[in-house]
Amino acid sequence: MKKLTFISRSDLRGGAAIVTYRLVEALRGIGVDARMLVCEKMSDSDFVRVCAPSQKIQYCFLKERLNVFLHNGFNRKDLFKVDPATDGLPLWRHPWVEDADAVLLGWVNQGMLSLNGVRKICQLGKPVVWIMHDMWNMTGICHHAGDCRRYLSECGNCPLLGRQGGNADMSCVTWDKKDRLYCEGRLRFVAVSTWLAEKALESGLMMGIPVAVIPNPFKLDLENYERGEVGEGEKVGLLFGAARIDDPIKGLGVFKRALEILICDYPEVAEHLRVVTFGGCKEPESLDGFAVEHQHLGFLKGQEEVRNAYESCSIVVSTSDFETLPGTLVEGQAYGCIPVALDHGGQRDIVDHEKTGWLAAWSDSAEVRAARIAEGILWGYKNRNNDEIRQNMHKSVGKKFNAPEVAQRILDFTFQK
């Protein structure tokens, strides 16, 4: 039996952690001894272990944050938007790493693994695969480059470092460290979406390095699928959710504006709509002001609550500025909820426009984005009982994202010659 050790900062906090945990579960389901080393354990799974004493974890975390704080001009606002991977735990010595046939890295920042620590794991002489969940591997220090294009050539003058940025700033120094590590040729990379792989291959840091595209796994109950029609007098539910739905990246304001456009241009449709939201929210007032009836579910706990949320609605909406691989669109399709999303990231790996959902073309204008999302909601409303679209969605997610198939692809890639 193959032994795989995954390294991830958490098992269940954050999107990258959750999909890594699902992947470990899926690999165990196909007979692999897959384990997970974390700094923060939230599950009760015996295959997840905290990698070091809490004092050591906290020391590395605080030391690296202080380093960032000094290099960004004491800017708290952007303190957690960058990671230099200067400090980390000696996980190459951990028994689960030493004993593994292969090591798979996920989101390992904030003092968990330094770049030198990654190098030492590679020097153990076993396969090491880095699964990329955001842009950090292809930039100097940021996880999402946004409008910045410095990563296309070589980082430096980082906007997230403010006045402390320069030609030889922390982003440039970290870039050089990554370049030396990657040039050693011991690492192999997986991107969870085609969009992310394309970003990697246009980066000056990763240009020419092969990147496999293997999506995140989803535990989907595809066998017991049944979805009734929405009756003529029933309100059509629009679902909108995220780990933190008021994160500016998620575009909640664009969604609200799309509803206002529908109220103005298609009042006969808007009066039959209701909104259901889920997830965390730092500023509760951001959930005020929806133009139609609104219900907030909070955090969804367990697969049953997830399924019930999707099956209570007909359309799932994503208005994010960018997404690596938005899970709400996958889960929506699995449970018969038509996805309507902006085409700006990994959405295209999930949605086939007008066959399994609606992709709204990106625009730098928030007003234009809102109008295009409104058009998509209108299309979803008209097709809410379309059996062909539902069947297309169901077959698509089963083929692309079902956990056992994704697990086998990761296993094959990890040990391929």
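Predicted model: local features only at pLDDT ≥ 70, side-chain atom pairs only at ≥ 80, totals over all residues.
Me: How many salt bridges does the structure hold?
Reply: Side chains of opposite charge can pair when their charged atoms come close. A salt bridge is a side-chain nitrogen of Lys or Arg within 4 Å of a carboxyl oxygen of Asp or Glu. The structure holds 21 of them.

Me: Where do lysine 199 and glutamate 202 lie in helix H6?
Reply: Helices (H or I, at least four residues) and strands (E, at least two) are DSSP runs, numbered from the N terminus. Lysine 199 and glutamate 202 are 3 residues apart in helix H6 (residues 194-202), so about one helical turn separates them. Their side chains form a salt bridge at 3.6 Å, N to O.

Me: Is lysine 199 buried or exposed?
Reply: Buried means under 20% relative accessible area, exposed over 50%, and partly exposed in between (1.4 Å probe, protein chains only). Lysine 199 is buried at 17%, whereas glutamate 202 is partly exposed at 33%.

Me: Which parts does the salt bridge between glutamate 323 and lysine 250 tie together?
Reply: The closest N and O atoms of glutamate 323 and lysine 250 are 2.8 Å apart. Glutamate 323 lies in the loop between strand E11 (315-318) and helix H10 (327-334), and lysine 250 in the loop between strand E8 (236-244) and helix H7 (252-265), so the pair joins parts 73 residues apart in sequence.

Definitions and conventions: Residues numbered from 1 in each chain as written. Heavy atoms only, no water.
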